[in-house]
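Here are some notes to read alongside the structure, written as numbered points. Please keep the view open while going through them.

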Amino acid sequence: MKALIFKIDRLNTHNGPGFRTVIYFKGCPLHCTWCHNPEGISPKKEVWFNASKCIGCGTCVEMCPVNAIELSENGITIDRNTCIGCQLCTVVCPSEAIEKIGEEQSVDELMRIILQDKYLFESSGGGVTVTGGEPGNHPDFVSELFKRCKEEGIHTAFDTSGMVSESALEKIIPFTDLVFLDIKTLDPEQSLKYTGLPIQKLMGTIEWLNSFRTSHSSFPEIEIRTPLIPGITDDNENLFAIGQFIEHSLKQVKNWELCMFNDLCEDKYLRMGIKWALNDKTQNSVDYSRVLAIQNEFPALGIAVTGYISH
Ligand code: SF4
Ligand code: SF4
């Protein structure tokens with residue numbers, strides 16, 4: 001059993017308690033306008049292209065089996081619609097201007113990497129976090145990985161968009177200590193327009209988690225994450241509605257994390273040949289006083305504000 005993984009981040013301190021090994025699964029059913037991991041959206045292998053490293057040798061053009069690469073006086077262009085993700089160009093490029101996005105890995109391979117940091121997990125209360133993309137798209141794989149982690153006494157965290165089937169939850173949640181669940185907006189139209197997530201699907205996932213909690217003596221903690229996207233999710237009305245919803249409908253929530261907007265992903269879009277829809281926004285685009293007002297409004301929710309904060 002293998003899954004396509006696009007990044008493994010060791011010694012991470014932002015995705016759960018303690019030091020963590022964060023595993024990024026490729027493939028996401030949503031298409032959030034602001035996505036900060038565009039390389040995780042497609043479930044297929046892809047390539048980065050960094051024009052500043054390219055020496056214009058043309059080796060990749062000759063190697064490509066489907067003629068997806070063109071070399072002109074303006075440099076290299078990759079036709080992403082024609083590219084089949086064979087990644088042969090990454091093997092022959094002498095300057096590492098083209099690099100792989102996505103590599104198939106087995107549970108055994110991941111466990112070998114995870115276990116290298118076991119002593120750090122033990123001393124820091126850390127563990128493993130799966131994210132993406134949507135790790136819930138790989139239920140058997142994640143379930144097996146988490147089962148192996150639990151056998152080693154390693155804490156497990158599952159980061160999901162909520163767009164996940166009940167059968168996947170049934171396989172993954174019994175081996176999960178912490179669930180990160182995104183609530184970006186509760187407005188059905190906004191949700192569909194900006195993320196592709198039908199709000200009923202998110203509600204179904206929340207109901208499933210609530211019923212798991214009432215029918216099991218041991219159940220995972222939940223942390224809600226809301227990305228503050230200027231002009232889309234950061235208005236008072238949306239944040240107030242989410243705060244009220246958490247207070248009334250999600251009893252096992254431990255924290256609510258408000259993630260400040262940043263534009264650090266712009267370079268990723270450039271290297272994938274895509275224009276980022278929010279390239280007119282900056283790190284200062286979210287009004288921090290509004291975030292403080294929400295924090296004061298819901299003192300019981302343990303609101304943590306993360307990311308870049310400008311005063
Ligand atoms: S990944 Fe394969 S198909 Fe795509 S551009 Fe490179 S060589 Fe061509
Ligand atoms: S092989 Fe690498 S350096 Fe040569 S043209 Fe292609 S991307 Fe540029």
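1. How do the residues of the shell around ligand 1 divide into nonpolar, polar and charged? In this predicted model, the shell holds 12 nonpolar residues and two polar ones, with no charged residue among them. Of the 14 residues around ligand 1, those that come nearest are Cys-64, Ala-68, Cys-83, Cys-86 and Cys-89.

2. The protein chain has been assigned two parts, namely domain 1, made of residues 2-42 + 103-306, and domain 2, made of residues 46-101. Their C-alpha centres lie 32 Å apart, and the contact between them takes seven residues from domain 1 and eight residues from domain 2. On the side of domain 1 that touches domain 2, there are two nonpolar, two polar and three charged residues.

3. Which residues of H5 are buried? They are Phe-141, Val-142, Leu-145, Phe-146 and Cys-149. When H5 is viewed down its axis, these buried residues fall within an arc of 125°, and therefore they line one face of the helix.

4. As for what covers the buried residues of H5, the elements include strand S1 (2-12), helix H3 (107-115), strand S8 (127-132), strand S9 (155-160) and helix H6 (166-172). After H5 comes Gly-153, which has a positive phi, near 75°.

Technical notes
Residues numbered from 1 in each chain as written. Chains lettered and ligands numbered in written order. Predicted model: local features only at pLDDT ≥ 70, side-chain atom pairs only at ≥ 80, totals over all residues. Near = placed C-beta within 6 Å. Nonpolar A, V, L, I, M, F, W, Y, C, P; charged D, E, K, R; others polar. Buried ≥ 20, exposed ≤ 12 C-beta atoms within 10 Å, placed from the backbone. Helix = DSSP H or I, 4+ residues; strand = E, 2+ residues; numbered from the N terminus. Arc of directions from axis to C-beta. Contact = placed C-beta atoms within 7 Å. Domains from an automatic or database assignment.
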